[in-house]
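Hi,

Here's the structure I said I'd pass on.

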Amino acid sequence: MFFWSLVLIAVGIFSSFIYARSRIKLNSKKQGTKSKSLPNYYAQYVLMWCLFPALIVYFSWAIFQEQIIQNIVISNFEFIEGAVYNEGLLLAEIRNVANNPSFADGKSIEIINAASHYSSLRQISQISFYTSIIIIMLLGALYASQKLKPEFHAQHTIEKYIQYILIFCSSVAIFTTIGIVFSLIFESLRFFAEVSIFEFLFSTEWYPFIPIREGQTAAEGSFGAVPIFAGTFLVMVVAMCVAVPLGLLTAIYLAEYASQRVRKIVKPLLEILAGIPTIVYGFFAFVSVAPFVKAFGQSIGIDASPTSALAAGMVMGVMIIPFISSLSDDVINSVPQSLREASLGIGANKAETIKKVILPAALPGIVGAFLLAISRAIGETMIVVVAAGTAPNLTGNPFENVTTVTVQIVVALIGDQEFDNPRTLSAFALGLVLFVITLFLNIIALQIVKRYRERYE
Amino acid sequence: MSNSKILANGVDVYYGSKQALFGISMDIKEKEVTALIGPSGCGKSTFLRCINRMNDLIEICKVSGSIKVDNEEIISEKTDVVSLRSKIGMVFQKPNPFPKSIFDNVAYGPTIHGLVDSKNELEEIVHSSLKKAGLFDEVKDRLNEPGTSLSGGQQQRLCIARAIAVNPEIILMDEPCSALDPIATAIIEELIDELRLNYTIIIVTHSMQQAARVSQKTCFFHLGELIETGETNKIFTNPDNTKTQDYITGRFG
């Protein structure tokens, strides 16, 4: 149904476009004046007046139709006294019977009645849907056609409409973000209604497995997130220890030493590193790096577990190298050439110039790159899920199993649970913490980078 | 000829396949100001940058021919570019102080070349360099403020102080006043006149008045060739070449 209505709309706007264009040409010829704008703008004007009202009707039907029909069907349903109904099941049954009459066998008369009611409502809805689309397009075209006079500034109006369209598009992302933030906040509030916020933030025991059935002997759930934050921090530190030196030195090489040809090859290669799906890094960490870490740990007398903060952190470090190297490379490149010349002109060699002039000048931007990389690292999920483990150990030993915020969110959401117990709700609280931290890191990083840019441009 | 400081002979410069300088030969005397003039794109800055090998920074730039500084060949693989550049200071078109304090800007050169053994000595060099650049009185109370906080003319004098802090023999100036107002320009020109007593100065300029005011020798470049070179007085009053005549009377360029 909705496909054919799209065809209908397409035909409608196409003909309105053709009509408007020939009409404005005719009108201006009749009056003997040149129109203020090119004929195409008038045609676009009419087209928009045809298209947007039709789209509004289209989407409101798509969104509300089923809901309204169901409400009417349910409110007219002849409930038998004393019987218990599950509304969702009942509706599913009615829909099944309506869509496929062979299911009607053995169903109660109420259901069959309701199903035919449902079908007839759908038919009415469909007819009125097509009629209202046609009417609204005609009305729109009619209204807009009145403006088809040579003295009307169609182009100005079109510009304005285009601006509205752009504003609408950009607000979609903003409102989605706001929506996500609010859902995080509200679900977290539900969690904090059951678990105290102090326990969550400061207690060190994380056993989210609450008894599901009554009388089960499992311990009470406890939700102290400190080990999780500590694990996240540990993995992040390992990752930064790998990524900062490698990324920064790569950036210095690319920006200051590499010839144009090398640069052209190496930079895209590094960016490929950023394009590898993180799950691939994850099993690379688990299959290749973790056993190596374990063997290495044993060789120096430390009992390493098969999954460890070190393995996950190292691979994550490799993953964020391109962030650091690419951003730092840009920053170093934007240090004015005149500073390089000044330093070299005094007789400094390249290393002195980099160490004493370029890096200090680029430092704020480089720190910004680090912060962005950190926020990327603590938000990263797949690598740690696969390679860091799920045990909430409060430890500073990178050879041990740790768990991170993102891993615990995954763990909390796996399985067939409704969002009505603290275990699943804890995912939202953890998500909120993660969101707040990365938000602040990003804001600080962007501020630093921005201030730095202003100074040199 | 005994006091010839820089002796260029048949210098060709290519940017990729495009030739920018054609067989430049020039003799620059010690403790004189030599002005390089000519229309934009004539190669005068390119030539200036050959003298301290600044063209090395441009990957596609190839220099051939011979330039001797104090009778030592510098267009050679074996040249020690670092010591060459410590002997030849450079002041650029746009003031380019480091984003460091005024003091650190001037102290940069002496520190990296290890010219000083103590803090006092460093301070002395910084102060005397600033004095020689005529900037000391203006900034003596705020040596710890960033060099970029100074005005354009002060920044340029700071750059001159930075250049002379390593005690060079030659100072190259690439249109040092083109980003400055007339008053700051006048101050720099006076300064150049004083510096002449101790340094050999080569200055690229677009302003013929400036060349006439500050220089003793003038070289006129056109389309990558050195057209005429001689006493500034003579070039500006009675040039031999008609192209020079046309340029200084403002018929082209």
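One term before the rest: I call two residues in contact if their C-beta atoms, placed from the backbone, lie within 7 Å. Also keep in mind that this is a predicted model.

With that cut-off, take Ile324(A). Leaving out residues up to four places away in sequence, Ile324(A) touches Ala243(A), Val244(A), Gly247(A) and Leu248(A), and also Ala369(A), Phe370(A) and Ala373(A). Ile324(A) is also one of the residues with the most contacts inside the largest nonpolar core, along with Val235(A), Ala285(A), Ala312(A), Val315(A), Ile383(A) and Ala387(A). That core has 154 residues, and α10(A) gives the most to it, with 16 residues. There's a second, separate core of 20 residues, which includes Ile24(A), Val46(A), Leu47(A) and Leu148(A).

First, α12(A). Helix α12 of chain A covers residues 350-379, and its axis comes within 9 Å of the α10(A) axis, crossing at roughly 150°. Angles over 145 degrees count as roughly antiparallel, so α10(A) is roughly antiparallel to α12(A). The crossing is right-handed. On the α10(A) side the contact includes Met316(A), Ile320(A), Phe323(A), Ile324(A) and Leu327(A); among their partners in α12(A) are Ile358(A), Ile366(A), Ala369(A), Phe370(A) and Arg376(A). By class, the contact of α10(A) with α12(A) has 15 nonpolar, two polar and one charged residues.

Then α8(A), residues 260-275. The axes of α8(A) and α10(A) (residues 309-333) come within 7 Å and cross at roughly 140°. That angle makes α8(A) oblique to α10(A), and the crossing is left-handed. Here Leu270(A), Glu271(A), Leu273(A) and Ala274(A) from α8(A) meet Ile321(A), Pro322(A), Phe323(A), Ser325(A) and Ser326(A) from α10(A). The residues of this contact divide into six nonpolar, two polar and one charged.

Last, the interface between the chains. Chain B puts 21 residues into the contact and chain A 15 residues. On the chain B side, the elements giving two or more residues are α2 (81-87), α3 (102-112) and α6 (152-164). The largest share, four residues, comes from α2(B). Sorted by class, the side of chain B that touches chain A has eleven nonpolar, six polar and four charged residues.

Cheers

Note on methods: Residues numbered from 1 in each chain as written. Chains lettered and ligands numbered in written order. Predicted model: local features only at pLDDT ≥ 70, side-chain atom pairs only at ≥ 80, totals over all residues. Nonpolar A, V, L, I, M, F, W, Y, C, P; charged D, E, K, R; others polar. Axes fitted to C-alpha atoms, helices over the stretch in contact; angles between N-to-C directions. Parallel < 35°, antiparallel > 145°, perpendicular 65-115°, else oblique. Left-handed = near helix turned anticlockwise from the far one by under 90°. Core = buried A, V, L, I, M, F, W, Y, C linked by C-beta atoms within 7 Å. Buried ≥ 20, exposed ≤ 12 C-beta atoms within 10 Å, placed from the backbone.
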